[in-house]
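Visitor: I would like to learn how to read a structure feature by feature. Can we take one together?

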Amino acid sequence: MSFKIAIDGPAGAGKSTIAKRAAAELGFLYVDTGAMYRAIALGLLRMKADISSETALTDALSRIEVGLGYENGTQKVFLNGEDVSSLIRTEEVGNMASSAAAKPQVRAKLTQLQREIAGKNDVLMDGRDIGTVILPDAQLKIYLTASVETRARRRYKELCGKGEAPSLDEIAADIRERDYRDMHRETAPLRQAEDAVRIDSSELTIEEVTAKIISLMKAKRQECSA
Ligand code: CDP
């Protein structure tokens, strides 16, 4: 039986950095489901699809194929066969991903693919609905969060590091808006699964959170083999 770890939480809580490290240490396959939503969003943007129209969305989705692959242990995401792993990391794509992710057709398209991957491998999967919808039977569930202020400051530093001159207030407003959309949508809203361990990373370093997840995982493994 494959072992599954689900990590959910809001944007900017440090999920992907931490999940990547923990998966590498454990020898698990890391699956960044946000990248899959982002790939669909890029496809929709390229087609200039009107996602408020159900028929237009259905038509656009029928022309979008998302795939995952791994190169030297790094996840690559493909849109109709094209490697779009770098192209999806823009604010425009992130915002479209968050809007498109509220649509049931979009979620249905990715649910099956995500479950298939988890059925074949030991996975550490991160997203918004992994512990609640995609892998409700995951052996370990983490809900990783941090205050809006901390998340905005982290994002601010990251953008400054890229040579941009962002506004901290705008970043915080954007995070609040994204949280609201993710937590209040009807289909698979972001929420903590009842059996998830909550970790607030506001006062913790990446190393501390990663170590915590590894130790929770070791305890689970012992529990499962006892
Ligand atoms: O990097 P960031 O945390 O901003 O977002 P992401 O993990 O790359 O995901 C982009 C968007 O996809 C999020 O804002 C969510 O709305 C959506 N998403 C989702 O609905 N369900 C998932 N399992 C993963 C992402």
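Predicted model: local features only at pLDDT ≥ 70, side-chain atom pairs only at ≥ 80, totals over all residues.

Visitor: Which residues of helix 5 are buried?

Guide: The general idea comes first. An α-helix has 3.6 residues a turn, so residues three or four places apart point the same way. In helix 5 the buried set is Val106, Arg107, Leu110, Thr111, Gln114, Ile117 and Ala118.

Visitor: What does leucine 61 touch?

Guide: Leucine 61 sits in helix 3, residues 54–62. Its relative accessible area is 6%, so leucine 61 is buried. Setting aside residues up to four places away in sequence, leucine 61 touches Ile40, Gln105, Val106 and Lys109. Val106 is also one of the buried residues of helix 5. For a C-alpha distance, take leucine 61 and glycine 43: they are 18 residues apart in sequence and 8.5 Å apart in space.

Visitor: Now salt bridges. How many are there in the whole structure?

Guide: Side chains of opposite charge can pair when their charged atoms come close. A search of the whole structure finds 14 salt bridges.

Visitor: Where do lysine 220 and glutamate 223 lie?

Guide: Both are in helix 9, residues 206–225. They are three residues apart, about one turn of the helix. Lysine 220 is partly exposed, because its relative accessibility is 23%. Glutamate 223 has 53%, so it counts as exposed.

Visitor: How far apart are the closest N and O atoms of arginine 63 and aspartate 59?

Guide: They are 2.8 Å apart, in a salt bridge. Arginine 63 is partly exposed at 48% relative accessibility. Aspartate 59 is partly exposed too, at 40%.

Visitor: Are aspartate 182 and arginine 185 buried or exposed?

Guide: Aspartate 182 is at 4% relative accessibility, so it is buried. Arginine 185 is buried as well, with a relative accessible area of 8%. Their side chains meet in a salt bridge, 3.6 Å from N to O.

Visitor: Which residues form the network?

Guide: Glu91, Arg155 and Glu158 are linked in a network of salt bridges.

Visitor: What is the nearest side chain of opposite charge to arginine 38, which is buried and has no salt bridge?

Guide: For a case like this, check the nearest opposite charge, then the other contacts. The nearest such side chain is that of glutamate 91, 6.3 Å away. Arginine 38 lies in helix 2, residues 33–47. Its side chain reaches the backbone oxygen of isoleucine 88 at 3.0 Å. Beyond four places in sequence, the residues that arginine 38 touches include Thr90, Val93, Ala97 and Arg178.

Visitor: What about lysine 4, also buried and without a salt bridge?

Guide: Lysine 4 lies in strand 1, residues 4–8. Aspartate 137 is its nearest side chain of opposite charge, 4.3 Å away. The cut-off for a salt bridge is 4 Å. Aspartate 137 is also among the contacts of lysine 4, as are Ala118, Val123 and Leu135.

Visitor: Now the ligand. Which residues are closest?

Guide: In total, 17 residues surround the ligand, and the closest are Arg38, Arg107, Arg178, Asp182 and Arg185. A side-chain N or O atom of arginine 178 is 2.8 Å from a ligand oxygen. For arginine 185 the corresponding distance to an oxygen of the ligand is 2.9 Å. Threonine 33 has a polar side-chain atom 3.0 Å from a ligand nitrogen.

Visitor: Last, the backbone. What is phi at lysine 48?

Guide: Look for positive phi in residues other than glycine. Lysine 48 has a positive phi of about 50 degrees. It is in the loop between helix 2 and helix 3. At 73% relative accessible area, lysine 48 is exposed.

Visitor: Where is asparagine 72?

Guide: Asparagine 72 is in the loop between strand 3 (66–71) and strand 4 (74–79). Its phi is positive, near 50 degrees. With 80% relative accessibility, asparagine 72 counts as exposed.

Definitions and conventions. Residues numbered from 1 in each chain as written. Heavy atoms only, no water. Buried < 20%, exposed > 50% of the residue type's maximum accessible area, 1.4 Å probe, protein only. Helix = DSSP H or I, 4+ residues; strand = E, 2+ residues; numbered from the N terminus. Lys, Arg positive; Asp, Glu negative; His and termini not counted. Polar contact = N/O pair within 3.5 Å; in protein donor to acceptor, adjacent residues only side chain to side chain. Contact = heavy atoms within 4.5 Å. Near = heavy atom within 4 Å.
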